[in-house]
Amino acid sequence: MFEKLQRAFWKALTPDLIAETVVAPTQNLLSAEVLSALGGADNLKSQQRVALTRVRVQLQDGAKLDTAALKAAGVPGVMMLTGGVVHLLTGL
């Protein structure tokens with residue numbers, strides 16, 4: 001009961017969140033330009049839509065990430081985390 005109430009509470013606070021489903025790297029949530037800026041499709045370990053405007057990507061090699069190319073491809077915000085995890089803001 002408490003767990004359902006807790007889920008409803010967080011859903012009300014963050015209505016744009018999407019159920020947690022990890023997409024295989026072969027299924028692309030991202031455009032070709034964004035994939036290229038992330039170091040190519042082979043550099044992706046996983047990708048996951050976190051919300052309507054955010055995608056979480058885990059990279060094999062974080063050094064291949066080109067932030068300037070991401071901005072040019074239309075990604076307004078990029079947040080690098082540890083372990084090769086990158087959050088991409090894909091909309092406003």
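Mentor: One definition to start: buried means under 20% relative accessible area, exposed over 50%, and partly exposed in between, with a 1.4 Å probe and protein chains only.
Trainee: Where does Leu29 lie?
Mentor: In the loop between strand E1 (22–23) and H2. Helices (H or I, at least four residues) and strands (E, at least two) are DSSP runs, numbered from the N terminus.
Trainee: And the ground rules?
Mentor: This is a predicted model, where local features need pLDDT of at least 70 and side-chain atom pairs count only at pLDDT 80 or more, while totals for chains, interfaces and linings use all residues. Residues are numbered from 1 along each chain as its sequence is written, and side-chain values use heavy atoms, without hydrogens and water.
Trainee: What order do the elements run in?
Mentor: α-β-α-β-β-α-β-β from the N terminus. That is 3 helices and 5 strands.
Trainee: Switching to the core. Which residues touch the most other members?
Mentor: Leu30, Val34, Leu38, Val57, Leu59, Leu70 and Leu88, in a largest nonpolar core of 14 residues. Helix H2 (32–37), strand E3 (54–59) and strand E5 (85–89) each give two or more residues to this core. Such a core is a set of buried Ala, Val, Leu, Ile, Met, Phe, Trp, Tyr and Cys residues joined through side-chain atoms within 4.5 Å.
Trainee: What is Leu88 in contact with?
Mentor: Leaving aside neighbours within four places in sequence, its contacts (heavy atoms within 4.5 Å) include Leu30, Thr53, Arg54 and Gly77.
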